[in-house]
Protein chains: 2
Amino acid sequence: MSDTTDNAVRAFIEGHRAAFLDDLAEWLRIPSVSADPDRAADVRRSADWLAGKLKETGFPTVEVWETPGAPAVFAEWPSDDPDAPTVLVYGHHDVQPASREDGWHTEPFEPVVKDGRLYARGAADDKGQVFFHTLGVRAHLAATGRTAPAVGLKLIVEGEEESGSAHFPALIREHADRLACDTVIVSDTGMWAEDTPTVCTGMRGLTDCQIDLYGPEQDIHSGSFGGAVPNPATEAARLAAALHDERRRVAIPGFYDGVVELTDRERELFAELPFDEERWLRTAHSRATLGEDGYTTLERIWARPTAEVNGISGGYQGPGGKTIVPSDARLKLSFRLVAGQDGERVQQSVRQWVADSLPDGIRHEITFWGATRPCLTPLDHPYLRSVARAMGRAFGEPVRFTREGGSGPAADLQDVLGVPVLFLGISVPSDGWHAPNEKVELDLLMKGVETAAHLWDDLAGQGRPAGRGSAGRPGADTAR
Amino acid sequence: MSDTTDNAVRAFIEGHRAAFLDDLAEWLRIPSVSADPDRAADVRRSADWLAGKLKETGFPTVEVWETPGAPAVFAEWPSDDPDAPTVLVYGHHDVQPASREDGWHTEPFEPVVKDGRLYARGAADDKGQVFFHTLGVRAHLAATGRTAPAVGLKLIVEGEEESGSAHFPALIREHADRLACDTVIVSDTGMWAEDTPTVCTGMRGLTDCQIDLYGPEQDIHSGSFGGAVPNPATEAARLAAALHDERRRVAIPGFYDGVVELTDRERELFAELPFDEERWLRTAHSRATLGEDGYTTLERIWARPTAEVNGISGGYQGPGGKTIVPSDARLKLSFRLVAGQDGERVQQSVRQWVADSLPDGIRHEITFWGATRPCLTPLDHPYLRSVARAMGRAFGEPVRFTREGGSGPAADLQDVLGVPVLFLGISVPSDGWHAPNEKVELDLLMKGVETAAHLWDDLAGQGRPAGRGSAGRPGADTAR
């Protein structure tokens, strides 16, 4: 933690910044959209590309792991200290769908640097935040004169995070021995703002689905038949509308079962953050807030379960009018989950609610894309404090703590590996995750590299958890 | 009304049937979709084609009338009897959108004859039912030895019926003198069933619109922002769901203002028709009936105003999931109107309801495509009885009376020209109006020709309405 080390880290990073950004741009050109079956070959290409780069970085072991879906990348670089803790870094190499017509100013898969920002799908979510670890570990070695990291370093970079991580739980169960570690560092979240470095302490869970509704076997004339037969577009709308009651609470029976409510202390901590609603609304590209009665905006997005209509369609979509009763309609819904909720139980509640809501004459099918569990790590955990210190060194100021409204497979890692999950992210809300013109701030990206360069020494200094002979899966001292 | 005439009519039709069907197929190959701006040239080509055929048929006057939208075709063939009534036949030469992917077994604009049916977009709605008048008037002349029709015969065939007839009211006002007549015959409806010839006595009105909803300026991440900002797809769904209450009555305040309720006698007449719900459901390609509480299916589709979701869309439509709050969403709604309702007042009610329903942060725009008034003609009108007799001669059995749930510009003609509107149609419910695989039954199409051939003599025998010196616009003795 000396200034000398800090300067050496900075010098190393400065000297390798250009090549690092060129490499990242090359990766971002691969449209690894896991939700689109037509992009399967690109997702594979992305995995192979990353594996090659991790080898170049110096990881002695690099493997592409197959799943029934998209491949993941695993890498391992043991410490030369047998008593050092082992850290597993998690990220993903797949990205959200993107096309120019969605409102991108430039091609989403043709990275462009402008005004200190790198624009491309995946720049922040998550390729940029995975890739900073490659330069980070090199800076760590260069600045400390080591030939191996101060901690045992493993990486798992999956390829289906943006489409629900359907095969990730099975993958980590299958490879639990290889993935064994003392903590997981998730590099797939963000921080409060450009000028407010923060460490995230938890994520919401997620389960999402498509509901297909079928009415008439074909579109029929609304004058001849309308008003006398069920209309699947109307029924899709009635379902979507019935998701929330008038207080904007989720109205699916059983949805809130088990939800861990916010404590007064947590509400106070949230309230102390410098929240500027006007600024937040600009980041959200929105004109007004709206959500569950009785909760603040931060509470709504970090600590409350929600239901969202991601897509709805049915009937005529062309220009002008067409007076039909459409034959079918569909809804894409996602549910954010918080501690205490179980994804499978929520899915059951949704299935029951849909079945109970539809009239005779409307057939339906529900497809869930998967479920990601919520998770939280206690504020006083020593490894969490290490992350906060490393980030503080990179940013030159103490960090604060937040949660993340988004979802990741962090909880699966926590459950299967039995270790605490920490979060290290330098993305900011304006980065446009899942939106057109996604970008990463280059200065923050380099702070991410710097944080990663400092972190391994600090974590090594915390030692291994008491009572653990080897990196394994003890009791759940971290989950709640 | 002699058997000799009937036989002569049948012989003439038989001799000209093949050429007639070839001509109709040629017309059906023109994709005159008025709702699609890209098809404007095809709609014009359709008008020109029809004008040419009407000249060939013998109409001394044939004109293509321009509108700010699609052109209409006017034709006139005066009677040689100055005391004969004048009849204006109405139809339309534009068609609904259609593409193979909607579920057509053959190309919608490549007519195919199979099992006595002619399949093509517009075969029944409305090119087939316009075109039978060309052979009908020729059969009338051939069988009676006349050189001009027994009545003054006019045709107005518009080009925007399927997109709301936005310019039709102005067109008929502009040309009211040329269109002056003693009655209008609308050839744009159907009959009860293949084995149950019927005459329609009224149509519902229609007004339809698109509602565009705007939330975030771009799609945003549902984890970072969902549950805390308004979602336009959710709001579109809430609007569509709120169209109907739990009794499936339209829940827009003011919607039912002025509605003329069904009389007990009308409900009895409806109930006497041989209605087979299972068969009707097959025709509707539907699995169950559903509609306004307290009314039968026939009452719902013929005599009750309704609201229908013709299309809904917003957010992600591709494969798999995408966890966003979408930036926009839209609804296409249509409202069927009955006697006593005013289209513009209904539009006002809808606008008010939408404005009152949306939360802060959702902008909206409403575009109405137009309004078509409802109409009804009394059962005891002498011209209506003529239509029933002519149809009875063609079919060899007495006809019954129905209404039509669909909408047409009949009421505008009634209002502007001040004359009763009659309906003559041979299409049947299974013809698939506005649906894939639209067809017309060739036997019924030829009965339509035959009815048209008989009608002019019968109508001429009824004379002109008392107190009318010339075809003009007297008091509203027919509307209600």
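Trainee: How many residues does the contact take from chain A and from chain B?
Mentor: The contact takes 91 residues from chain A and 91 residues from chain B. Please keep in mind that this is a predicted model.

Trainee: What area is buried between chain A and chain B?
Mentor: About 7,500 Å² is buried between chain A and chain B, and carbon and sulfur atoms give 51% of that area. On the side of chain A, R238(A), H285(A) and R287(A) supply 10% of the area buried against chain B, more than any other three residues.

Trainee: Why quote an area at all?
Mentor: The accessible area lost when the parts come together is often used to give the size of an interface.

Trainee: How many salt bridges does the rule find across the interface of chain A and chain B?
Mentor: The rule finds four salt bridges there. In one salt bridge, the side chain of R238(A) meets that of E246(B), with 3.3 Å from N to O. R238(A) is also among the three residues that supply 10% of the area chain A buries against chain B.

Trainee: And polar contacts, how many residue pairs are there between chain A and chain B?
Mentor: There are 44 residue pairs in polar contact between the two chains.

Trainee: Which strand gives the most to the side of chain A that touches chain B?
Mentor: Strand β11 of chain A, residues 306-315, gives the most, with nine residues. By class, the residues on that side of chain A divide into 34 nonpolar, 35 polar and 22 charged.

Trainee: What joins β11(A) to strand β11 of chain B?
Mentor: Five bridges join β11(A) to β11 of chain B, which is also residues 306-315, and the strands run antiparallel. For instance, I312(A) has G314(B) in β11(B) as its bridge partner.

Trainee: Changing topic: which domains is chain A divided into?
Mentor: Domain 1 covers 3-203 + 375-462, and domain 2 covers 205-259 + 305-372. Taken over C-alpha atoms, the centres of these domains of chain A are separated by 35 Å.

Trainee: How many salt bridges does the structure hold over all chains?
Mentor: The structure holds 60 salt bridges over all chains. Within chain B, the side chains of E66(B) and R44(B) meet in one, at 2.8 Å from N to O. E66(B) lies in the loop between β1 and β2 of chain B and R44(B) in helix α2, so named for residues 40-57, and the pair is 22 residues apart.

Trainee: Which residues does a cis peptide bond join in chain A, and which in chain B?
Mentor: In chain A a cis peptide bond joins D125(A) and D126(A), with omega about 10 degrees. In chain B a cis peptide bond joins D125(B) and D126(B), again with omega about 10 degrees. D126(A) lies in the loop between β5 and α3 of chain A, and D126(B) in the loop between β5 and α3 of chain B.

Trainee: What is phi of D115(A)?
Mentor: Phi of D115(A) is near 50 degrees, a positive value in a residue other than glycine. D115(A) is found in the loop between β4 and β5 of chain A. Most residues other than glycine have a negative phi, and most peptide bonds are trans.

How values were computed: Residues are numbered from 1 along each chain as its sequence is written. Chains are lettered from A and ligands numbered from 1 in the order in which they are written. This is a predicted model: local features need pLDDT of at least 70, side-chain atom pairs count only at pLDDT 80 or more; totals for chains, interfaces and linings use all residues. Side-chain values use heavy atoms; hydrogens and water are left out. Domain bounds come from an automatic or database domain assignment. Contact means heavy atoms within 4.5 Å. Buried area is the accessible area (1.4 Å probe) that two parts lose on being put together, summed over both. A polar contact is a pair of N or O atoms within 3.5 Å; within protein, one must be able to donate a hydrogen and the other to accept it, and residues adjacent in sequence count only if both atoms are side-chain atoms. Helices (H or I, at least four residues) and strands (E, at least two) are DSSP runs, numbered from the N terminus. Ala, Val, Leu, Ile, Met, Phe, Trp, Tyr, Cys and Pro count as nonpolar, Asp, Glu, Lys and Arg as charged, and the others, Gly among them, as polar. Two strands pair if DSSP finds at least two bridges between them.
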